[in-house]
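Please consult the sequence and the model while reading.

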Amino acid sequence: MRRYRIGTDQDAPVVELAGRQEWALKQLIDAGETGCTSVTNPGPRWSSYVHRLRRKGLIIETVYEPHSGSWPGMHGRYFLRSHVEPLPANDDEALACTPSSRRAA
């Protein structure tokens with residue numbers, strides 16, 4: 001699990017993400033102005049990942065594009081519009097996991 005600040009202020013909200021939500025956020029960050037689709041960044045439930053990230057306060061734009069092929073139609077391309085900053089791991093959490101930080105009984 002990793003923490004991310006949404007916005008540029010020190011008082012901006014912080015969210016914790018793990019699993020596919022964190023994966024999707026990383027894909028959106030890496031894609032930049034190109035955006036992500038389920039074709040360019042395969043994932044089984046992109047719309048679900050985007051929905052959950054939006055519920056956590058991230059701004060993600062969806063632009064619908066036509067596609068051809070055996071099943072022509074439309075697909076969404078997702079663009080991260082929020083400024084997102086990964087935060088370092090909490091030092092207290094890291095210390096709690098080391099054997100030297102345990103108290104002698």
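## Ser82 and its loop

Ser82 is found in the loop that runs between strand E4 (73-80) and strand E5 (84-86); helices (H or I, at least four residues) and strands (E, at least two) are DSSP runs, numbered from the N terminus. Ser82 counts as buried because its relative accessibility is 12%. The term buried means under 20% relative accessible area, exposed means over 50%, and partly exposed lies in between (1.4 Å probe, protein chains only). A polar atom of the Ser82 side chain lies 2.6 Å from the backbone nitrogen of Ile59.

## Basis of the model

The model is predicted: local features need pLDDT of at least 70, side-chain atom pairs count only at pLDDT 80 or more, and totals for chains, interfaces and linings use all residues. Residues are numbered from 1 along each chain as its sequence is written, and side-chain values use heavy atoms, with hydrogens and water left out.

## Overall architecture

The chain has three helices and five strands. Read along the sequence, these elements follow the pattern β-β-α-α-β-β-β-α. Of the 105 residues of the chain, 32% count as buried.

## Salt bridges between strands

How many salt bridges does the structure hold? There are five salt bridges, each defined as a side-chain nitrogen of Lys or Arg within 4 Å of a carboxyl oxygen of Asp or Glu. One of them joins Glu85 and Arg5, whose closest N and O atoms are 3.6 Å apart. Glu85 lies in strand E5 and Arg5 in strand E1 (residues 2-6), so this pair ties together parts that are 80 residues apart in sequence. Glu85 is partly exposed, with a relative accessible area of 33%, whereas Arg5 counts as buried at 10% relative accessibility.

Another salt bridge is formed by the side chains of Arg77 and Glu65, at 2.7 Å from N to O. Here the link is between distant parts of the chain, with Arg77 in strand E4 and Glu65 in strand E3, 12 residues apart. Arg77 counts as buried at 16% relative accessibility, while Glu65 counts as partly exposed at 22%.

Arg81 forms a salt bridge with Glu33, and their closest N and O atoms are 3.0 Å apart. Arg81 lies in the loop between E4 and E5, and Glu33 in the loop between helix H1 (19-31) and H2, so the pair ties together parts that are 48 residues apart in sequence. Glu61 joins Glu33 and Arg81 in a network of salt bridges.

## Helix H1

Glu22 has its place in helix H1. Is Glu22 buried or exposed? Glu22 counts as buried because its relative accessibility is 13%. The side chain of Glu22 is joined to that of Tyr4 by a polar contact of 2.9 Å; such a contact is a pair of N or O atoms within 3.5 Å, where within protein one must be able to donate a hydrogen and the other to accept it, and residues adjacent in sequence count only if both atoms are side-chain atoms.

Ala24 also lies in helix H1 and is buried, with a relative accessible area of 0%. Ala24 and Val50 are 26 residues apart in sequence, and their C-alpha atoms are 7.6 Å apart in space.

## Met74 in strand E4

Met74 is placed in strand E4. At 54% relative accessibility, Met74 counts as exposed. The C-alpha atoms of Met74 and Tyr64 are separated by 6.1 Å, and these residues are 10 residues apart along the chain.

## Lys56 and the positive patch

Lys56 lies in the loop between helix H2 (46-55) and strand E3 (60-67). Lys56 counts as partly exposed because its relative accessibility is 35%. Together with Arg45, Arg52 and Arg55, Lys56 forms a positive surface patch. Patches are made of residues with over 30% relative accessible area and no salt bridge, with like charges joined within 9 Å and nonpolar side chains (Val, Leu, Ile, Met, Phe, Trp, Tyr) within 5 Å.

Note on methods. Areas by Shrake-Rupley, 256 points an atom, 1.4 Å probe, with all protein chains shown as cover. Lys, Arg positive; Asp, Glu negative; His and termini not counted. Charge placed at Lys NZ, Arg CZ, Asp CG, Glu CD.
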